[in-house]
Amino acid sequence: MTQGARRTPARRTVLGAAGAAAVLGASAALPTSTAHADEDHADEAGSRGRGHGYRSLPVPTVIAHRGASGYRPEHTLGSYRHALDLGAHVIEQDLVPTRDGHLVCRHENDITGTTDVADHPEFAPRKTTKSVDGTTFTGWFTEDFTLAELKTLRAKERIPGTRQKNTLYDGRWTIPTFEEVLRWAEEEGRRRGREIWLHVETKHPTYFRSLGLGLEERLARLLRRYGRHRANSPVFLQSFEPGSIQRLARLVDSPGVVLLSGASTRPWDFVQAGDPRTVADLVTPEGLRWIASYAQGIGPTLDLVIPKDATGRLGTPTTLVRDAHAEGLILHPYTHRNENAFLPADFRRGTDPTAYGDSFGALKRYLETGIDGIFSDNPDTALLAAADLTAAARD
């Protein structure tokens, strides 16, 4: 498969006078000296931020989902580093804010299951019940902690019943800030002699904006500070809320990816705005054309690429890959995992849900559809499957 044969989406101009005004407006809360320091750092980081762009990545691109989360507790520097060691092309981060406005890497703002917060009696009064995007959760939440307080916690395995071996690493790492990850990526890039690509998600952006903790402006400032705000910077910006990607597109020129959940679901910003469209509407040619007007890719659930039948077995691929490519969009579907519990029924082996099934068989089906990449908890498995596909194409 050759990406160059596809039409590249038209680029928007966001770093001219209008774009500069938007960035200055987003930085208004910062002291002037800090804003200038960001620009100075961006100039220093320019060589790292001016790469060959996302079209230069291998196809299929293997994106380490929350790092190598099949082998290490997710969203830790240990998980990110192990993903690089395994050969992943891109490392994913999910961002949520602290009470004092720092962006940290957690899949959810509810940190009950991914940290040892429940073992800290000093934080027992912080346990509470909240509604986030229409769903009720009881636990501890990042927006109720300062960064200094979060740094007293240690990360742990989110699904210990499924990934018991990962519990060996419980307590080994703290919660990283996104700025720490950016510095880490610079250091790893120098050490390994290549760009370190990141895939960065804004989590629950409408919810956090309602709390006065808007994610996009904070993220844009960090991207500019570390020279990752350009069209060819080694970073993807992703969100389940199209409005978040639109907002980011007005602040930086980094490539954007709209994440797409189940066909009948509605993005939360659509719900709040009274927009009746569902994901099913967004994956039509008209919907994809709308996405292509401000983003460079989509991240659909794998079920939107190949739906499952009533028994949980893979059916016939949809036209989503063809339709998205016709609009110049790349596709990075989610999420591949090796365990039986997460595989389509026809690729499970044995009765133990925690045992590995025929992961290569499932990956072959997905990759053969022509997707441009895939999120995987087990990037080494996905890389081998991608190599098999490439070898078969040569034969």
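A crossing of two helices is called right-handed if the near helix is turned clockwise from the far one by less than a right angle, and left-handed if the turn is anticlockwise. In the predicted model described here, this term applies to the pair formed by α15 and α16, whose crossing is right-handed. The axes of helix α15, which covers residues 359-367, and helix α16, which covers residues 379-394, come within 9 Å and cross at roughly 55°. Angles under 35 degrees count as roughly parallel and those from 65 to 115 as roughly perpendicular, and α15 and α16 are therefore oblique to each other. On the side of α15, the contact involves S359, F360, L363 and L367, and these residues meet T381, A382, L384, A385, A386 and L389 in α16. Sorted by class, the contact of α15 with α16 comprises eight nonpolar residues and two polar ones, with no charged residues.

Helix α6 takes part in two further pairs, one with α8 and one with α4. The axes of α6 (residues 178-192) and α8 (residues 215-225) come within 11 Å and cross at roughly 20°, and the two helices are therefore roughly parallel to each other. The crossing in which α6 passes α8 is right-handed. This contact is made by F178, E179 and L182 on the α6 side, and by L219, L222, L223 and R225 on the α8 side. By class, the contact of α6 with α8 contains five nonpolar and two charged residues, while no polar residue takes part.

In the other pair, the axes of helix α4 (residues 77-86) and α6 come within 12 Å and cross at roughly 30°, which makes α4 roughly parallel to α6. The contact of α4 with α6 divides into five nonpolar and four charged residues, with no polar ones.

The largest pocket has a volume of about 620 Å³. Its lining consists of 31 residues, and of these E108, E201, K203, F240 and S261 lie nearest the centre of the pocket. Several strands contribute to this lining, as β2 (90-97), β5 (135-139), β6 (197-202), β7 (235-239) and β8 (256-260) each supply at least two residues. When the residues that line the largest pocket are sorted by class, 11 are nonpolar, 10 are polar and 10 are charged.

The largest cavity has a volume of about 50 Å³, and among the 10 residues that line the largest cavity, I245, L248, A249, S254 and G256 are the closest to its centre. Helix α9, which covers residues 242-249, gives the largest share of this lining, namely three residues. By class, the lining of the largest cavity has seven nonpolar residues, two polar residues and one charged residue. The second largest cavity, with a volume of about 30 Å³, is lined by S69, E74, E157, R158, I159 and R163. The lining of the second largest cavity is made up of four charged residues, one nonpolar residue and one polar residue.

Finally, some features of the backbone can be located in loops. The peptide bond from V59 to P60 is cis, with omega near 5°, and P60 is found in the loop between α3 (46-49) and β1 (61-64). A cis peptide bond also leads from Y334 to T335, where omega is near -10°, and T335 belongs to the loop between β10 (330-331) and α15. A further backbone feature concerns D133, a residue other than glycine, for which phi has a positive value near 50°. D133 has its place in the loop between β4 (128-132) and β5, and β5 is also one of the strands that supply at least two residues of the lining of the largest pocket.

Notes: Residues numbered from 1 in each chain as written. Predicted model: local features only at pLDDT ≥ 70, side-chain atom pairs only at ≥ 80, totals over all residues. Heavy atoms only, no water. 1 Å grid on protein atoms, 1.4 Å probe; cavity = no way out; pocket = protein on both sides within 12 Å on 5 of 7 lines; lining within 4 Å. Points joined across faces, edges and corners; volume = space filled by probe spheres on them. Helix = DSSP H or I, 4+ residues; strand = E, 2+ residues; numbered from the N terminus. Nonpolar A, V, L, I, M, F, W, Y, C, P; charged D, E, K, R; others polar. Axes fitted to C-alpha atoms, helices over the stretch in contact; angles between N-to-C directions. Parallel < 35°, antiparallel > 145°, perpendicular 65-115°, else oblique. Contact = heavy atoms within 4.5 Å.
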